Amino acid sequence: MSSIETTGHDKPHASFDTKPIWRTFWILLVITLVEITLATIHMKTDFPSKYVLNGIYLILTCAKAFYIIAEFMHLRHEIKNMIMTIAVPACLFIWFILAFLWDGGSYNALRNRYDRHYADQNKVKVEQPAEKPGKPE
Amino acid sequence: MAQAVPAGQKWWSGGKSPFNVEYGKLMMWYFLMSDSFTFGAFLISYGSIRFATNGWPNPNEVFKAFPFFGETNLPLVFVSLMTFILIMSSVTMVLAVAAGHNGDQKKVTLYMILTIIGGLAFLSCQAWEWTHLYHEGAWWGRNPFPNADMSKASTNFTNFFFTITGFHGFHVFSGVIINVIMLIMNLRGTFAKKGHYLMIEKAGLYWHFVDLVWVFVFTCFYLL
């Protein structure tokens, strides 16, 4: 195998400079800070609503994943055919996530509808953990 | 965008690597893809169970402690620190790879040491968090935290938390071991003799993958 050549990867070349690395670092840091800020605002004011917030989190998470894969793992700079052998199978996740969350939600709806005991369980409140000795707050 | 390729380059006529990637590195990519499906299966089963449950504990009520701050209510602060540590160690890892490209053995050593320190710091944080939660009464099969609406929560919450962060922590641990081996090989001049630092790149891919998984674990357990 060693006789088959790859170009550029095994000798020093200039394209790997450190500037985009730090740019990616700042992007990841800023996105994480935005997520934490939004979470903190939500805790204090209940704005934005949890559903909107979860949507924002998922978009920001995908953005972070893109920057890690594209820049840190350098995938963006590989040959297109190779990128596709990674990206196309990863698309299975779209079906994977949708199908299983949908299934979970449907199972819950069915149980709430036909299983009285299951539905009632959620109405039983537990005592505040704060009242137990040795627990925080 | 994609790597610059001379026009009319015949990649598939033999004598060349069609993806222009060394064999081991390509296989590392495919291993990581299969590993992402393992983690994906874990996280999606967590999501599926969460959708199939009426109530769920509020993460801000559960993960609110910080070392040496006792009972102070500090949601998200500790996990933000852990995220920062892991991103930072990813940066030093890329810097090690970049130094390897330039054939700078000393810099590779420096950045590998920093990456290993970052990995150990992350593992220490996780050990502290697990210990803290254990003392609060949380473990596999035991969940002291009520749902956000104060109804009784199922143990699925703690089961998934410890299983998935544990599996991720194990990946970080093995990543640190791999990085230590890379550091020793570099100190012995193995890569300098070979004339390339591709092994550092492969270890780097694994290390970034660990960071990538943490991004999703962070969102799924601490934000959503």
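This is a short chat about how chain A and chain B touch, and about two aromatic pairs in chain B.

Visitor: Before anything else, what kind of model is this?
Guide: It is a predicted model.

Visitor: How many residues does each chain give to the contact?
Guide: Chain B gives 74 residues and chain A gives 68 residues.

Visitor: And how much area do they bury between them?
Guide: About 6400 Å², with 70% of it on carbon and sulfur atoms. On the side of chain B, the residues that lose the most area to chain A are B:W29, B:N54 and B:H101. Together they make up 11% of what that side buries.

Visitor: How many salt bridges are there between chain B and chain A?
Guide: The count is one. A:E78 forms a salt bridge with B:K25, and their closest N and O atoms are 3.6 Å apart.

Visitor: How many residue pairs are in polar contact there?
Guide: Twelve residue pairs between chain B and chain A, counting those with both residues at pLDDT 80 or more.

Visitor: Which elements of chain B give two or more residues to the side that touches chain A?
Guide: They are α1 (23-51), α3 (77-101) and α7 (198-223) of chain B. The largest share comes from α1(B), with 15 residues.

Visitor: How do the residues on that side divide into nonpolar, polar and charged?
Guide: On the side of chain B that touches chain A, 40 are nonpolar, 24 are polar and ten are charged.

Visitor: Changing topic: how many aromatic pairs are there over all chains?
Guide: A search of the whole structure finds 39. One of them is B:F122 with B:W214.

Visitor: Why is that pair edge-to-face?
Guide: The ring planes of B:F122 and B:W214 stand at 85°, and over 60 degrees counts as edge-to-face. Their centres are 5.0 Å apart.

Visitor: Where do B:F122 and B:W214 sit in the chain?
Guide: B:F122 is in helix α4 (residues 105-135) of chain B, and B:W214 is in helix α7 of chain B. The two are 92 residues apart, so the pair links distant parts of the chain.

Visitor: Buried or exposed, those two?
Guide: B:F122 counts as buried, at 0% relative accessibility. B:W214 is also at 0% and counts as buried.

Visitor: What about B:F161 and B:Y222?
Guide: They form an edge-to-face aromatic pair, 6.2 Å centre to centre with 80° between the planes. B:F161 lies in helix α5 (residues 156-187) of chain B and B:Y222 in helix α7 of chain B, so the pair ties together parts 61 residues apart in sequence. B:F161 counts as buried at 2% relative accessibility, and B:Y222 counts as buried at 2%.

Definitions and conventions: Residues numbered from 1 in each chain as written. Chains lettered and ligands numbered in written order. Predicted model: local features only at pLDDT ≥ 70, side-chain atom pairs only at ≥ 80, totals over all residues. Heavy atoms only, no water. Contact = heavy atoms within 4.5 Å. Buried area = accessible area lost by both parts, 1.4 Å probe. Salt bridge = Lys/Arg side-chain N within 4 Å of Asp/Glu carboxyl O. Polar contact = N/O pair within 3.5 Å; in protein donor to acceptor, adjacent residues only side chain to side chain. Helix = DSSP H or I, 4+ residues; strand = E, 2+ residues; numbered from the N terminus. Nonpolar A, V, L, I, M, F, W, Y, C, P; charged D, E, K, R; others polar. Phe/Tyr/Trp six-rings, centres within 6.5 Å; stacked < 30°, edge-to-face > 60°. Buried < 20%, exposed > 50% of the residue type's maximum accessible area, 1.4 Å probe, protein only.
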